[in-house]
Amino acid sequence: MARKSKSNLSELYLEENKDQIYENALAEIQSFELLLGTTLRSVYDDQPNAHQKFMEKLDACIRNHDREIEKMCNFHHQGFVDAITELLKVRADAEKLKVQVTDTNRRLQDAGKEVIAQTEEIIRCRVQQRNITTVVEKLQLCLPVLEMYSKLKEQMSVKRYYSALKTMEQLENLYLPRVSQYRFCQIMIENLPKLREEIKEISMSDLKDFLESIRKHSDRIGETAMKQAQQQKTFSTALQKQNNVNYGRNMHLGRNRILESKNEITLKRTFEDEDEHEEEVLTAQDLVDFSPVYRCLHIYSVLGDGEIFENYYRKQRRKQARLVLQPQSSMHETVEGYRRYFSQIVGFFVVEDHILHVTQGLVTRTYTDELWNMALSKIIAVLRTHSSYCSDPDLVLELKNLIVVFADTLQGYGFPVNRLFDLLFEIRDQYNETLLKKWSGLFRDIFEADNYSPIPVANEEEYRIVISKFPFQDPELDKQSFPKKLPMSQSVPQIYMQVKEFIYASLKFSESLHRSSTEIDDMLRKSTNLLLTRTLSSCLQNLIKKPHIGLTELVQIIINTTHLEQACKYLEDFISNITNISQLTVHTARLYGLSTFKDARHAAEGEIYTKLNQKIDEFIQIADYDWTMSESDGRASGYLMDLINFLRSTFQVFTHLPGKVAQTACMSACQHLSMSLMQMLLDSELKQISMGAIQQFNLDVIQCELFASSEPVPGFQGDTLQLAFIDLRQLLDLFMVWDWSTYLADYGQATSKYLRVNPSTALTLLEK
């Protein structure tokens, strides 16, 4: 029972759902929103009797709509009747309207004929406009090509060849393919290779002009580079010297002030020049237009011929290097010849250095090093040859300064210059030789102008002037009142000052050689030793041998050399103060002035002995003995008295000489006088001598003995000087007393009274 009731409820529920489905389907059909097939399919979806039931529902819905339509019509019927009545009333008006419309249409057609004609004209114009637009589009496509070609021609005309190549590349790759169907495009394509060849030829011609230009102007480039290097070095040196408080502090006062003044002036000028030229610093690219090289390099690189261009450039520059390195035959005559030679070489390598750094691969460091090594060998050979012709030390010094600036300039550009500084040491020896020749002339002039008299000083001021030039110290002389005389002659301070000037001149060459103070000190001492031992010594030796140099001059020369020898230690101090190298250093050389002046003194002493003997011979030659006189005059001969007076005055001058020199000279003179008198007696041309002549001769010998005993030169012990006449005295005594028996009896014995009488001499005189 329960199951049956449950089944009835299910059927009732299904029946209600079906009614709802039909109503929804009808609503969808009326709404026209869904497809009819879809709606009907949902109605007939496997339901039994669904069609009949749906049709029933549809008929019921139609009847409802009919009733509603009928109601609506009944409601609007009167309105419809009224509308029909209104239509009948407006029929006549409609006929009139029709006639008016027909007339209006006719008139409109007549008026439209002109519009149609204008419309056709507009159509034709629009066709033309479309054609013009097409032409413009084509022209716009061609215009960039023509503009680029025009740009190419303009670039060719203004020599912008690298840009022209870039333009050609754009034409070929971008613009010409767009308009390749046009004939003018084919003409352009055919012309482009010709233009490339033309660009290559023109750029190569520009390169040749550039190479010729830098060959002509390389000296200006080098001169500018060397000037900048010199200014930089001068500025650095001056600044360094200004900051170095101890520089030259112990140097000679007068010279120190001069150097300090020069340093200040140099530093001031350096700063002024630096300020003046601060905005005028010129470089290689400022003096030379390198654009032809850049253009040619870029052009050949773009064209794929970069290697050809590099080989050509390097080959031409090697040829130019050989021309630059070839010196002029008269280069050694003036410093300008060397300056131009160096400037050309510097200019050449400055250009190469610039090309090395601003281009990629045109030149390489290996190439420039190879070129520089070749050039350096040639430069050294040229300088070694031409410098050997230089006899002027100033020219050699200027050459050295040029070489230093030349080397410093190229070193600043990265080129090795050690071989040049080694060459400077060779030139330094030559410079010293030229200095020695120059100072030899200066020494000769000083010796020629000297009066060989002690220097008179009238007051303190004159005395200080002399000692400011020469380090003279004599406490005994300082105690004397003015006026007084200094023992040396005027040539001594002049020679001393010239030796110092020589040291300064030698130092000038040693500067800037990048050598240590010890090496410079050694060089100065060696060159000074050469000056003393060779040049000054030779000048002194020649001076001593000159005929016009008398005994007084020789005595003064000995005194002068003594003071110069004493001054050598001051010269050593002078060199040490310049170089700041202590003399206590193990490797410090010593000056050889001691031996130099000793040798000169010995030569002068020997010349004094010779001059004295010559003078004695001159007096002896004027002797006029009457060898046959019966008796003597009772007084000594006049020539002998003059000779003795001469010897006395001469030996008075010898008081300033060292004691041994004066004693030796006096002894030598007495011995020579004794020998000369002996030779006079034994002369082979003298055939006969009377006893009166012997007595007269004895009077002369007595005067000689008196002169010897008067101690003309102090320091002789006992009768040492008289012994010079002992041979003559014993011979005369033998003849005066005629003591032949004693002579013969005692001959050969040590106690013989006539021990110094030679038998042959006595026999010769006895025969006369």
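Trainee: Before we begin, what pLDDT do local features need, and how are the residues numbered?

Mentor: Residues are numbered from 1 along each chain as its sequence is written, and side-chain values use heavy atoms, with hydrogens and water left out. Because this is a predicted model, side-chain atom pairs count only at pLDDT 80 or more, totals for chains, interfaces and linings use all residues, and local features need pLDDT of at least 70.

Trainee: How many helices and strands are there in the chain?

Mentor: Helices (H or I, at least four residues) and strands (E, at least two) are DSSP runs, numbered from the N terminus. Counted in that way, the chain has two strands, and its helices number 27.

Trainee: What share of the 768 residues in the chain is buried?

Mentor: Buried means under 20% relative accessible area, exposed means over 50%, and partly exposed is in between, with a 1.4 Å probe and protein chains only. Of the 768 residues, the buried share is 40%.

Trainee: Among contacts between residues at least 6 apart in sequence, what percentage joins residues at least 24 apart?

Mentor: A contact here means heavy atoms within 4.5 Å. Among contacts in the chain between residues at least 6 apart in sequence, the share joining residues at least 24 apart is 79%.

Trainee: Which residues does Arg428 touch, not counting those up to four places away in sequence?

Mentor: Arg428 lies in helix H14 (residues 418–449), and it counts as buried because its relative accessible area is 17%. Its side chain makes a polar contact with the side chain of Asp429 at 3.4 Å, where a polar contact is a pair of N or O atoms within 3.5 Å, one able to donate a hydrogen and the other to accept it within protein, and residues adjacent in sequence count only if both atoms are side-chain atoms. Arg428 is also 8.0 Å from Ser510, C-alpha to C-alpha, although the two are 82 residues apart in sequence. With residues up to four places away left out, Arg428 touches Phe509 and Met523.

Trainee: Which backbone oxygen does the side chain of Thr650 reach?

Mentor: Thr650 is part of helix H22 (residues 638–653) and is buried, since its relative accessible area is 7%. Not counting residues up to four places away in sequence, Thr650 touches Leu551 and Leu612. At 2.8 Å, the side chain of Thr650 reaches the backbone oxygen of Phe646.

Trainee: Is Asp206 buried or exposed?

Mentor: Asp206 sits in helix H6 (residues 183–243), and, with residues up to four places away in sequence not counted, it touches Tyr161, Pro292 and Arg295. Its relative accessible area is 14%, so Asp206 is buried.

Trainee: How far apart are the closest N and O atoms of Arg124 and Glu121?

Mentor: A salt bridge is a side-chain nitrogen of Lys or Arg within 4 Å of a carboxyl oxygen of Asp or Glu, and the structure holds 25 of them. Arg124 and Glu121 are separated by about one helical turn because they are three residues apart in helix H4 (residues 91–157). Arg124 is partly exposed at 41% relative accessibility, and Glu121 is partly exposed at 36%. In the salt bridge between Arg124 and Glu121, the closest N and O atoms are 1.9 Å apart.

Trainee: At what N to O distance do the side chains of Glu607 and Lys545 meet?

Mentor: Glu607 is buried, with a relative accessible area of 10%, whereas Lys545 is exposed at 56% relative accessibility. The side chains of Glu607 and Lys545 meet in a salt bridge with an N to O distance of 3.6 Å.

Trainee: In which helices do Arg601 and Glu565 lie?

Mentor: Arg601 forms a salt bridge with Glu565, with the closest N and O atoms 2.5 Å apart. The pair ties together parts that are 36 residues apart in sequence, because Arg601 lies in helix H21 and Glu565 in helix H19 (residues 551–566).

Trainee: How many disulfides does the structure hold?

Mentor: A disulfide is counted as a pair of cysteine sulfur atoms within 2.5 Å. Cys390 is buried, with a relative accessible area of 5%, and Cys539 is buried at 5% relative accessibility. The number of disulfides in the structure is zero.
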